[in-house]
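Let's walk through this structure together, one region at a time. Keep the viewer open and follow along as we go.

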Amino acid sequence: MFVNEKIEDRNDRLSVSRPASGEIVTSSDLETIWIKICAGLRRDLGAQIFGQWIKPIKLSAFDSNTGMLQLELPSEFAAAWVRDRYAERLSLAWKAHDSAVNQLVFRAQSGSAKIVPMAHGNDSAPQAATTLPQSKFRLDLDPRMTFDQFIAGHSNVLALNAAQRTAAADKPLFSPLYLQSSTGQGKTHLMHAIGHAFREEFPSATIIYMSAERFMIEFVSAMRRNEGMEFKASLREADLLMIDDIQFIVGKNSTQEEFLHTVDSLISQGKRVVVAADRPPQALDGVDQRLLSRLSMGLVADIQSAGLELRRDILQHRLATMPHQHVSEEVVDFLARTISRNLRELEGGLNKLLAYAQLTGREISRELAEEQLSDILSACRRRITIDEIQRTVCEYYRLDRNEMSSKRRARAVARPRQVAMYLAKVMTPRSYPEIGRKFGGRDHSTVIHAVKLVEHLRGEDSEMDNDVRMLLRQLES
């Protein structure tokens, strides 16, 4: 059995069949490579995503004749999720370690799994294999990542418009298009959308989309095979070249040189180039100044972090495609407010919640969300204090700060105080008694009444709901 961090049954290792080269590939070889791959993925993806999707993977059967390795996950849902999002990354990782693995199969786990030889040509073997990319680039675009499925907001409208213009029939006003944002804000979605739209506009066009990591691996592999000229020619045949996560190409002198010449060649031919990174060109460390100049000469389109309204719209759009799944407005609002670091994390949290509810039959509620998404929520929550809430509410309603603790019951004072109590309960982990003490030593029952009253008023009074939304936005920004 293979696990990611701990290897069990070390004495129960089986050699697989001898490949054509005569070199024996053992379970120990695969085991060692997998540990190295996992270490890199943990660093690149972060502990939370790694622990949720990569750590549960078990290495199963390996056929040394075909190079096919089965990866097992706990459920069909998990197998499909990893196949859709991480297949290429895992394939490239195996290739980078010069392993005998050149195909991956993802499937749901059926009992405990050990490395066993697969019969060559077994008709019962799963067919959903991901073949490692060769020097002839295959275009793999996610069918879900189109312009129609991209939710626009104030933070991403410039990048969206620039991406649509790049994919249009008319010659673009700028090249290259440089998409910049922090992780999970939509730049990869836009690149896939450009590919889909451009292919629809020009069905016979040559489109190449790859990560910078894959670009480097393909380049090095081609040079080792003495196929450097073929690699360069393949790239320069592109009508549209898109390279994601360009920040990972810096520091590699030969790779930078080749990328620079490729970009120059394509731009001089009037071809289209799109790159994406998590920082502006000027902030790329170790980049050649000539390449920096090329990347900066087009349009740098910045995607800002999504605001609360955009996060809420994205969740609503996702749920609209799943009419059989009911999620209340309260839960949607809770997820949109608390999972604010990036949109990939937001969608991942919703998917995890939906999957758990579907598999267990439990109703989706705020309590279930807090229980199942505790790791994501704790990482995303900014530590907002009650003092900060009181200060913001007083500024908004133009009250003296002392009114938060005063005994005055006039509506102009009591209602803002109740709003502040509501926000303290919603945005901090403080208990009702703790909140009461911060508001002039009031009893916990007073806080409970305030929270319920504001919740009721938000549903009945649009002005009150707007006040609360504005305050939430101010406190979260």
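Aspartate 63 stands opposite methionine 68, a residue of strand 2. This is a predicted model, so please read every value here as computed from its coordinates. Strand 1, residues 58–63, pairs with strand 2 in the antiparallel sense, and the pairing runs over four bridges. The hairpin formed by these strands has four residues between them, and in this hairpin glycine 67 takes a positive phi near 75 degrees.

Now look at the other partner of this pairing. Strand 2 also pairs with strand 3 (residues 103–108), this time in the parallel sense and over six bridges.

How many of the six residues of strand 2 are buried? Six of the six are, across residues 68–73.

Let's move on to helix 9, which spans residues 289–296 and has Leu291, Leu292 and Leu295 as its buried residues. Why do these residues lie on the same side of helix 9? Because they cover an arc of only 105 degrees around the axis. The buried residues of helix 9 pack against several elements: strand 5 (177–180), helix 8 (253–268), strand 8 (272–277) and strand 9 (299–302).

The largest nonpolar core has 54 residues, and the members that touch the most others are Leu335, Ile389, Leu423, Met427 and Val468. Helix 16 (residues 411–427) supplies the largest share of this core, with eight residues. Leaving aside residues up to four places away in sequence, methionine 427 touches Ile384, Ile389, Leu472, Leu475 and Glu476. There is also a second, separate core of 28 residues, with Ile33, Cys38, Ile57 and Ala78 among them.

A few backbone details deserve a stop as well. Between serine 175 and proline 176 the peptide bond is cis, with omega near 5 degrees. You can find proline 176 in the loop between helix 4 (157–167) and strand 5.

Asparagine 226 sits in the loop between helix 6 (212–224) and helix 7 (228–236). With 69% relative accessibility, asparagine 226 counts as exposed. Aspartate 245 belongs to the loop between strand 7 (240–244) and helix 8, and its relative accessible area of 24% makes it partly exposed.

Finally, zoom out to the whole protein chain. Its secondary structure comes to 19 helices and nine strands. Of its 477 residues, 50% are buried. Among contacts between residues at least 6 apart in sequence, 74% join residues at least 24 apart. The protein chain exposes about 22,800 Å², and carbon and sulfur atoms supply 49% of that area.

Definitions and conventions: Residues are numbered from 1 along each chain as its sequence is written. This is a predicted model: local features need pLDDT of at least 70, side-chain atom pairs count only at pLDDT 80 or more; totals for chains, interfaces and linings use all residues. Side-chain values use heavy atoms; hydrogens and water are left out. Helices (H or I, at least four residues) and strands (E, at least two) are DSSP runs, numbered from the N terminus. Buried means under 20% relative accessible area, exposed over 50%, partly exposed in between (1.4 Å probe, protein chains only). Contact means heavy atoms within 4.5 Å. Accessible areas come from the Shrake-Rupley method with a 1.4 Å probe; for residues, only the protein chains shown count as cover. A nonpolar core is a set of buried Ala, Val, Leu, Ile, Met, Phe, Trp, Tyr and Cys residues joined through side-chain atoms within 4.5 Å. The arc is that of the directions from the helix axis to the C-beta atoms. Two strands pair if DSSP finds at least two bridges between them.
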